Amino acid sequence: MNARRGFTLIEILLVAGIMAILSTGIFLALDRYQFGRNLELDAKALLYAIRDAQQRSITQEVVTSDTPSQWGVRVTRTAAPPSYFELIAQATGRTQTVTTSITRFQLRNGVEFASAIASSTIVFSRIGGIPLAGGTTTVSLYLISNSGERKTITIDAQNVQAKLF
């Protein structure tokens, strides 16, 4: 009897081809998962920055002068990613209002703001922590690769809350 001791070239190529197809599928699935995770993390970071600004306004935290500051978040969409948002403080003097950027957060890879507006600012009143613009403000983030996948943050002046949807 003639015993077979190895694999033929066809069998090895077939197994290598199947492994290549499976690894490509796994890589694409992990890539989509990573972008979705980036969207979730950026939305939470923005939500926490909004809540932090609101809390700092309520406690009247002072930045550099003796004047209590109004705190807020500035959302900026740039022409080329990454866009960013920043925690800001506004101190109003006798003649002018000075805005100071405290911390800047860049959006992660694959995430963008949904607004066509280049920049918008949400500022909270002292003590009450109510958005100065009044009404309801909405900020949306989406995946560049899949604009249907979004996270929306709504700041409601009536309930004085920021919520993530």
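Student: Leaving aside neighbours within four places in sequence, which residues is Glu86 in contact with?
Tutor: This is a predicted model, by the way. In it, Glu86 touches Gly72, Val73, Arg74, Ser101, Thr103 and Arg104.

Student: And where does Glu86 sit, buried or exposed?
Tutor: Glu86 lies in strand 2, which covers residues 84–92. Its relative accessibility is 4%, and buried means under 20%, so Glu86 counts as buried.

Student: What joins the side chains of Glu86 and Ser101?
Tutor: A polar contact of 2.7 Å.

Student: Switching topic: what about the largest nonpolar core, how many residues are in it?
Tutor: There are 24. The ones touching the most other members are Leu46, Ile50, Val73, Val75, Phe85, Phe113 and Leu141. At least two core residues each come from helix 1 (9–58), strand 1 (70–76), strand 2, strand 4, strand 6 (136–143) and strand 7 (150–156).

Student: Which of those gives the largest share?
Tutor: Helix 1, with eight residues.

Student: OK, Phe113 then. Where is it?
Tutor: Phe113 is in strand 4, residues 111–113. It counts as buried because its relative accessibility is 2%.

Student: How far apart are Phe113 and Phe85?
Tutor: They're 28 residues apart in sequence, and 9.8 Å apart in space, C-alpha to C-alpha. Phe85 is also among the contacts of Phe113 beyond four places in sequence, which include Leu46, Val75, Val139 and Leu141 too.

Student: And Val75, what is it in contact with, again skipping neighbours within four places?
Tutor: Val75 meets Leu46, Tyr84, Phe85, Phe113, Ala118, Ser119, Ser120 and Val139.

How values were computed. Residues are numbered from 1 along each chain as its sequence is written. This is a predicted model: local features need pLDDT of at least 70, side-chain atom pairs count only at pLDDT 80 or more; totals for chains, interfaces and linings use all residues. Side-chain values use heavy atoms; hydrogens and water are left out. Helices (H or I, at least four residues) and strands (E, at least two) are DSSP runs, numbered from the N terminus. Buried means under 20% relative accessible area, exposed over 50%, partly exposed in between (1.4 Å probe, protein chains only). Contact means heavy atoms within 4.5 Å. A polar contact is a pair of N or O atoms within 3.5 Å; within protein, one must be able to donate a hydrogen and the other to accept it, and residues adjacent in sequence count only if both atoms are side-chain atoms. A nonpolar core is a set of buried Ala, Val, Leu, Ile, Met, Phe, Trp, Tyr and Cys residues joined through side-chain atoms within 4.5 Å.
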